[in-house]
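I opened my notebook to look up a few things in this structure.

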Amino acid sequence: MAASREAVKKAVQQVRPILSVNHGEARKRALNLYKAWYRQIPYIVMDYDIPKSIQQCRAKLREEFLRHRDVTDIRVIDMLVIKGQMELKESVEIWKQKGHIMRYWKESQDPKPTDFLSKFIQGIN
């Protein structure tokens with residue numbers, strides 16, 4: 001039993017990185033992605049004709065990056081960077097539609113009402 005635990009621990013410790021070897025390299029990739037998005041925002045606003053200003057879009061970009069600031073696993077950071085690069089390419093190549101871009105400003109779901117009056121006003125049984 002103890003031997004199998006040791007084997008599992010060794011296997012878990014020897015996980016290969018996706019792109020980055022250390023945290024510094026992962027941070028550099030994330031910052032490069034942020035800069036690429038930051039530079040493309042004026043063109044995205046113009047191409048998609050979204051009803052947001054460049055400043056609002058850059059604030060949303062910052063918010064999205066800050067949402068993941070607590071991620072410390074290098075593999076997770078690499079996957080987020082890869083997904084961000086795919087999103088950027090899709091946006092720049094205009095493979096998305098306006099609704100896909102506007103989804104970033106979608107309000108989070110409202111909490112469900114708990115008391116009778118709130119349920120009644122919203123028409124929930």
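**Ground rules.** I am working with a predicted model, where local features need pLDDT of at least 70 and side-chain atom pairs count only at pLDDT 80 or more, while totals for chains, interfaces and linings use all residues. Residues are numbered from 1 along each chain as its sequence is written, and side-chain values use heavy atoms, with hydrogens and water left out.

**Helix α4.** I looked up α4, residues 74-92. Helices here are DSSP runs (H or I, at least four residues), numbered from the N terminus. α4 has 19 residues and spans 27 Å from first C-alpha to last, close to the 27 Å expected at 1.5 Å a residue. That expected span is 1.5 Å times one less than the number of residues.

Which residues of α4 are buried? I listed Ile 74, Ile 77, Asp 78, Val 81, Gly 84, Leu 88 and Ser 91. Buried means under 20% relative accessible area, exposed over 50%, partly exposed in between (1.4 Å probe, protein chains only).

I then checked the packing: the buried residues of α4 pack against α2 (23-48) and α5 (98-102). Contact means heavy atoms within 4.5 Å. After α4 comes Ile 94, with a positive phi near 55°.

**Ile 121.** I found Ile 121 in helix α6, residues 116-122. Ile 121 is exposed, at 67% relative accessible area.

**Asn 22.** I placed Asn 22 in the loop between α1 (2-13) and α2. Asn 22 is partly exposed, at 41%. Its C-alpha is separated by 9.9 Å from that of Arg 75, 53 residues apart along the chain.

Conventions
Helix = DSSP H or I, 4+ residues; strand = E, 2+ residues; numbered from the N terminus.
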